[in-house]
Amino acid sequence: MGMYDASRGKGSYAYGCYAAYIVALIVFISVGLFYMFTGRGSEFDFGWVLENISSYTWACMGVGIAISFSVLGAAWGMFITGASIVGAGVKAPRIKTKNLVSVIFCEAVAIYGIIIAIILVQNIDDTTPEDWITNYNTYIFNGYALFFAGLLTGMCNLACGICVGIVGSGAALADAQNGELFVRILVIEIFGSAIGLFGVIIAVLLGNNRKISSS
């Protein structure tokens with residue numbers, strides 16, 4: 001009676017996700033039907049919304065997503081691997097020091113996000129109304145480029161942090177059982193940590209010199 005049912009907890013979480021998805025879908029359809037039946041269907045236009053959002057907004061959202069998702073991935077990975085290191089360290093205290101390399105790999109994910117955020121924010125500065133009108137199309141394109149560069153970085157680093165955390169957790173548990181397995185699993189962890197670098201490289205190419213400024 002007092003025991004925790006893990007399967008029930010997972011089911012409740014999945015049910016909550018599905019419920020949130022269904023509610024969002026119902027709201028979306030209801031709003032669309034409202035605009036259609038009131039003769040305002042032309043106002044339900046995503047293209048209009050995207051075109052009227054400022055390039056500065058897109059660029060700043062890209063910077064925010066790059067750093068926030070990267071930090072989220074790093075924290076998530078450290079949470080997963082750190083819990084395993086502490087737990088397995090009770091049985092085998094020798095694993096605590098060398099398995100900290102997994103935590104370092106997770107922290108590197110956040111550093112990737114900081115680097116990209118700094119690179120992107122260097123392209124954002126003030127501009128004059130005349131220059132904005134003259135280079136409007138260029139600024140719109142650059143705003144989208146900076147946004148998706150940040151989104152690419154954030155999503156890659158989020159996946160990278162979770163991957164490194166799970167593999168690092170397995171490395172700690174395996175090392176506690178057999179010390180010879182640590183180096184072998186560490187190789188897998190190194191390849192997992194390279195996932196974030198792929199996103200960083202493409203984000204640098206995508207966001208490089210995409211300036212939204214008069215200078």
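Predicted model: local features only at pLDDT ≥ 70, side-chain atom pairs only at ≥ 80, totals over all residues.
# Reading a helical model, residue by residue

Biologist: Is Glu189 buried or exposed?

Modeller: A residue is called buried under 20% relative accessible area, exposed over 50%, and partly exposed in between, using a 1.4 Å probe and protein chains only. Glu189 has a relative accessible area of 1%, so this residue counts as buried. If we set aside residues up to four places away in sequence, Glu189 touches Ser102, Phe105, Val164, Val167, Gly168 and Ala171, where a contact means heavy atoms within 4.5 Å.

Biologist: How does the span of H8 agree with its number of residues?

Modeller: The expected span of a helix is 1.5 Å times one less than its number of residues. H8 has 27 residues and should therefore span 39 Å, and its end C-alpha atoms are 41 Å apart, which agrees. Several residues of H8 are buried, among them Phe182, Ile185, Gly192, Gly196 and Ala203, and what covers the buried residues of this helix includes helix H4 (95–98), H5 and H7. After H8 comes Asn209, whose phi is positive, near 60°.

Biologist: Which residues have the most contacts inside the largest nonpolar core?

Modeller: A nonpolar core is a set of buried Ala, Val, Leu, Ile, Met, Phe, Trp, Tyr and Cys residues joined through side-chain atoms within 4.5 Å. The largest one here has 15 residues, and those with the most contacts inside it are Ala59, Val63, Ile116, Leu120, Ile124, Leu146 and Ile212. Two or more residues of this core come from each of helix H3 (55–91), helix H5 (100–121), helix H7 (136–177) and helix H8 (181–207), and the largest share, 5 residues, is that of H5. Ile124 shows how such a residue is surrounded: not counting residues up to four places away in sequence, Ile124 touches Tyr56, Ala59, Cys60, Val63, Leu146 and Ile212.

Biologist: How many aromatic pairs does the structure hold?

Modeller: A pair of aromatic rings is described by the distance of the centres and the angle of the planes. Rings of Phe, Tyr and Trp (its six-membered ring) pair if their centres lie within 6.5 Å, and planes under 30 degrees apart count as stacked, over 60 as edge-to-face and the rest as tilted. The structure holds 3 aromatic pairs. Trp58 and Tyr144 form an edge-to-face pair, with 5.4 Å centre to centre and 65° between the planes. Because Trp58 lies in helix H3 and Tyr144 in helix H7, this pair ties together parts that are 86 residues apart in sequence. Trp58 is buried, with a relative accessible area of 10%, whereas Tyr144, at 25%, counts as partly exposed. Trp58 also forms an edge-to-face pair with Phe147, at 4.9 Å centre to centre and 70° between the planes. Since Phe147 lies in helix H7 and Trp58 in helix H3, this pair ties together parts that are 89 residues apart in sequence. Trp58, Tyr144, Phe147 and Phe148 form one aromatic cluster.

Biologist: Which side chain does a polar contact join to that of Ser169?

Modeller: A polar contact is a pair of N or O atoms within 3.5 Å; within protein, one must be able to donate a hydrogen and the other to accept it, and residues adjacent in sequence count only if both atoms are side-chain atoms. Ser169, which lies in helix H7, has its side chain joined to that of Ser84 by a polar contact of 2.3 Å. With a relative accessible area of 10%, Ser169 is buried.

Biologist: How many disulfides does the structure hold?

Modeller: A disulfide is a pair of cysteine sulfur atoms within 2.5 Å, and the structure holds 0 of them. Cys163 is in no disulfide, and the nearest cysteine sulfur, that of Cys160, is 6.6 Å away. Cys163 is partly exposed, with a relative accessible area of 25%.

How values were computed:
Residues numbered from 1 in each chain as written. Heavy atoms only, no water. Helix = DSSP H or I, 4+ residues; strand = E, 2+ residues; numbered from the N terminus.
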